[in-house]
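Subject: Structure handover

Hello,

Here is the structure I promised you. Please open it first, then read my notes below.

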Amino acid sequence: MRSARPVGLLLSAAAVVLRAIGMTVLQPLTEPFGPWSERLPGNNAYWARDLRFAAIVAVALGLVLAGRGRLRWSGPAVLLGGLWVAADVAIDRADPSGDGATVLIAAGGCAVVGALAAVLLWRERGAPPAGPDRPALIAASCVAGVLTLVAAGMESPTDREPELNQAAVATAALLVALTIGAALAAAPAPARARFWLAAALGVAAAFGVGLIRAVPPGPRLLVELALGAVLLTGVTLLAWDWPGGRPAWRRHALAGLAALVGPVPMLVVAAIAMMVLLPIGATFTALAGNSPINAADSDVLLSLAGLLSGLGMALLLALPTLVDRR
């Protein structure tokens, strides 16, 4: 995909803006609690943090797309994402709010992304053109696809905040764009059929995200399973080789089965591991100076669970590309 670089940088910038809004507009909505035990927050209280962390991952994924998956871009992108999370915790502790803070944080973030992109472009001067790293792009697409499920299904203790629906839809839409963009960039050769398929996949994913937000939290699981299956199977159709000019339907059927039964169980396992073995959500809450979650509930960082699950799906769906290349 020739437009991978501008599209990736544009999506990274959009993620920076979403993250700034999440910090200064949404985060204060989740912190009306004092330090009194009878008012400690419950499950999913810090939903704005999860959506914000998903946006930070989207910043890194946009840079991976801009670099067409090559290590020269992917390495700094991952490092930037880690540093951005640390900076996010420090900024959260300061409790910024208001339009001025939103503009300042968004502008600063865009400046950081622009400076990093400028340095990486300068380092590429005079280097011979290199092809895309297809497995890395498929991995980025899988991570974005699973995080789409996390963002679209995000809940709060009341689920009555109109801002939650708006932020969840916006973040999920951005992740859908990254999913499809990275998958197209991983395609072995441009083809009109793949672009039509990408357009259809985008429409189906947008419908799925809207449907998830339209139904109550309980029945959402079935819609999330369907959306994950459609989105990740679409990734394989866009990114895998087409022997003889057409998809190998048997392989894609197996991929569809993995996409149906894989992401949600991986999310559950990762969430349980964080609750039992590594209470990283509570650690982030404490570092940010926020009220701890009620002892009867759990402080789970769903965005991290989505990242780990996306990497797990990447191991499954990027493997055929490695085999084909070999």
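A residue counts as buried when its relative accessible area is under 20%, and as exposed when that area is over 50%. Keep those cut-offs in mind for what follows. One caution as well: this is a predicted model.

**Salt bridges**

Start with the charged side chains. Side chains of opposite charge can pair when their charged atoms come close. The structure holds seven such salt bridges.

Look at aspartate 88 and arginine 19. Their side chains form a salt bridge, with 3.1 Å from N to O. Aspartate 88 belongs to helix α3 (residues 71-94) and arginine 19 to helix α1 (residues 4-26), so this pair ties together parts that lie 69 residues apart in sequence. Are the two residues buried or exposed? Both aspartate 88 and arginine 19 are buried. For aspartate 88 the relative accessibility is 1%, which is why aspartate 88 counts as buried.

Aspartate 88 has another partner. Its side chain also meets that of arginine 52 in a salt bridge, at 2.8 Å from N to O. This pair links distant parts of the chain too: aspartate 88 is in helix α3, arginine 52 is in helix α2 (residues 47-66), and 36 residues separate them. Arginine 52 has 1% relative accessibility, so arginine 52 counts as buried.

Arg19, Arg52, Asp88 and Asp92 are linked in a network of salt bridges.

Arginine 70 is buried. Glutamate 124 is buried as well.

**A helix pair**

Next, find helix α7 (residues 192-214) and helix α8 (residues 220-239). Their axes come within 10 Å and cross at roughly 165°. Angles over 145 degrees count as roughly antiparallel, and that makes α7 roughly antiparallel to α8. The crossing of α7 and α8 is left-handed.

Stay on α8 for a moment. Arginine 220 sits in this helix. Its relative accessibility is 5%, so arginine 220 counts as buried.

**Another buried residue**

Alanine 117 is in helix α4. At 5% relative accessibility, alanine 117 counts as buried.

**The surface**

Which residues make the nonpolar surface patch of about 600 Å²? They are Val268, Ile272, Met275, Val276, Leu277 and Leu278. Take leucine 277 from that patch. This leucine is in the loop between α10 (263-276) and α11 (280-287). Is leucine 277 buried or exposed? With 70% relative accessibility, leucine 277 counts as exposed.

Best wishes

Terms used: Residues numbered from 1 in each chain as written. Predicted model: local features only at pLDDT ≥ 70, side-chain atom pairs only at ≥ 80, totals over all residues. Heavy atoms only, no water. Patch = residues over 30% accessible without salt bridge, like charges linked within 9 Å, V, L, I, M, F, W, Y side chains within 5 Å. Areas by Shrake-Rupley, 256 points an atom, 1.4 Å probe, with all protein chains shown as cover. Salt bridge = Lys/Arg side-chain N within 4 Å of Asp/Glu carboxyl O. Helix = DSSP H or I, 4+ residues; strand = E, 2+ residues; numbered from the N terminus. Buried < 20%, exposed > 50% of the residue type's maximum accessible area, 1.4 Å probe, protein only. Axes fitted to C-alpha atoms, helices over the stretch in contact; angles between N-to-C directions. Parallel < 35°, antiparallel > 145°, perpendicular 65-115°, else oblique. Left-handed = near helix turned anticlockwise from the far one by under 90°.
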